[in-house]
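Subject: Structure handover

Hello,

Here is the structure we talked about. Please open it first, then read the notes below it.

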Amino acid sequence: MFVSTSSKHVREVTNCSKHGGASLNILSGFVAGNFSAFWMGLIIMVLMFASYHFSQNPALMALMPPQFTFAAPIFAFGLVAFGFLGMGPVTIAVDSYGPVTDNAQSVYELSQIEGIPNVKQQIKQDFGFDADFENAKYQLEKGDGAGNTFKATAKPVLIGTAVVGATTMVFGIIMLLENRFGEVITKLSVVQPEIILGLIMGGSVIYWFTGASCQAVVTGAYRAVVYIKENMKLDSKTASDKDSKEVVRICTEYAQKGMWNIFIVIFCFALALPFFNPYFFIGYLIGIAFFGLFQAIFMANAGGAWDNAKKIVEVDLRQKGTDLHAATVVGDTVGDPFKDTSSVAMNPVIKFTTLFGLLAVEIAVEMSLKHKESLKLDPSAMNWSPWVGGFFFLIALFFVHRSFYGMRIPEDDAAGTDTKLVIPHDHRHEH
């Protein structure tokens, strides 16, 4: 609905590009992404509401322990997540189709088969058919557009499993606290400051993650472009293996740097926050799940809309090499880190935080209980929980700082380098 090449939203992105260039292309993609987040959120809400309605059946409520009857809807939400997971084979199939078609097109382009002398005659002699390179390129680009649509249908299912499943895992933490301390429900009200602060913290981490993952892409792409401009001739038909490997090395280096920064921050936050307050951590988990849901859907579908707007220009309009195509290429360049970096990575971030957080809360609770027991013997016994939480929290903040300012392009480097982007030949309009 929002990413298909026949979608009105994607057609609008293409039309905006005709008259407004790259700027309106990007803005219209943002509109498509935001609308998609609204509708997908509404669909997930309806599914969860339906499960809540069935969970109120007296026969089903009787299956719950008396002290946990309030949790019947949470178990029902878990069944919604299980339903999402039941689509696993279909999700994997459609999500795998996109990279296959995308790489098939890349293999064709990198082969430069059209430049081989007498290649058509050779193909006719060896394989017995007439090679039609123009139609081959058309079909490959058309398949890539279908692949983008397939990938866009899989991503909401994947993020849905993380979010709906996270609500069930949060209940595991609630049961742990109820068994150890009792009267947990009254402390989970939204009027409790710990819950509100946790929600805000979770949302802020999602937006940090979005920026940090895109920052790694920006810096790696910048370094690769600078190396290409200084060492490779873009008007040449071939490039040396040494130069190609160096470009891959640069991209891999910054991808790994970004990955380590992000992993350490997510790990340290999940370990630190339960030591401050377990109810604050529950709010944090809910904030990460719900902010992450809408951010992931928005970024995935906006990126898909930009990509398929370019495919419309290449496949339907056949206007490759025009100003219109250049505008849609700019949108696709913005959309790639949206749909292929930040959005898809929120799924494991949410799942890891929830699963590891369950273990971290149990450790924090055990330390708190041991401290209470030690106070009976020694009133001056040290409570190490805040210190442990503070230690890991400071580590997380250090790597948050490093993920931006340690990865940022230095101003002196940017000012001292000729940063004029050389646009490949097939993206320019020849007057």
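The second largest pocket holds about 590 Å³ of space. A pocket here is an open set of points on a 1 Å grid over the protein atoms alone, with protein on both sides within 12 Å along at least five of seven lines; a cavity is a set of points where a 1.4 Å probe fits but cannot get out; lining residues have an atom within 4 Å of a point. Grid points are joined across faces, edges and corners, and a volume is the space filled by probe spheres set on the points.

This is a predicted model: local features need pLDDT of at least 70, side-chain atom pairs count only at pLDDT 80 or more, and totals for chains, interfaces and linings use all residues. Residues are numbered from 1 along each chain as its sequence is written, and side-chain values use heavy atoms, with hydrogens and water left out.

Back to the pocket. Its lining has 22 residues, and Ile74, Phe77, Thr167, Ile286 and Phe290 lie nearest the centre. At least two lining residues come from each of helix 1 (8-55), helix 3 (72-86), helix 6, helix 7 (193-231) and helix 9. By class, 20 lining residues of this pocket are nonpolar, 2 are polar and none is charged. (Ala, Val, Leu, Ile, Met, Phe, Trp, Tyr, Cys and Pro count as nonpolar, Asp, Glu, Lys and Arg as charged, and the others, Gly among them, as polar.)

Now the overall build. The protein has 12 helices and 0 strands. Helices (H or I, at least four residues) and strands (E, at least two) are DSSP runs, numbered from the N terminus. The C-alpha atoms fill a box of roughly 90 × 55 × 45 Å along the principal axes.

Next, the helix packing. Helix 6 (residues 133-180) packs on helix 9 (residues 278-316) at an angle of about 175°, with the axes 10 Å apart. Helix 6 and helix 9 are therefore roughly antiparallel. Their contact divides into 21 nonpolar, 7 polar and 7 charged residues. Axes are lines fitted to C-alpha atoms, for helices over the stretch in contact, and angles run from 0 to 180 degrees between N-to-C directions. Angles under 35 degrees count as roughly parallel, over 145 as roughly antiparallel, 65 to 115 as roughly perpendicular and the rest as oblique.

Helix 4 (residues 88-111) and helix 6 have axes that come within 7 Å and cross at roughly 150°. That makes helix 4 roughly antiparallel to helix 6. The crossing of helix 4 and helix 6 is left-handed (the near helix is turned anticlockwise from the far one by less than a right angle; clockwise would be right-handed). For helix 3 and helix 6, the axes come within 8 Å and also cross at roughly 150°. This crossing is left-handed too.

There is 1 cavity of 30 Å³ or more. The largest cavity has a volume of about 40 Å³. Its lining consists of Asn148, Lys151, Ala152, Lys155, Ala300, Gly304 and Lys339. Helix 6 gives the largest share, 4 residues.

Last, the charges. The count comes to 15 salt bridges (a side-chain nitrogen of Lys or Arg within 4 Å of a carboxyl oxygen of Asp or Glu). In one of them, Lys137 pairs with Glu114, the closest N and O atoms being 3.5 Å apart. Lys137 sits in helix 6, and Glu114 in the loop between helix 4 and helix 5 (119-127), 23 residues apart.

Best wishes
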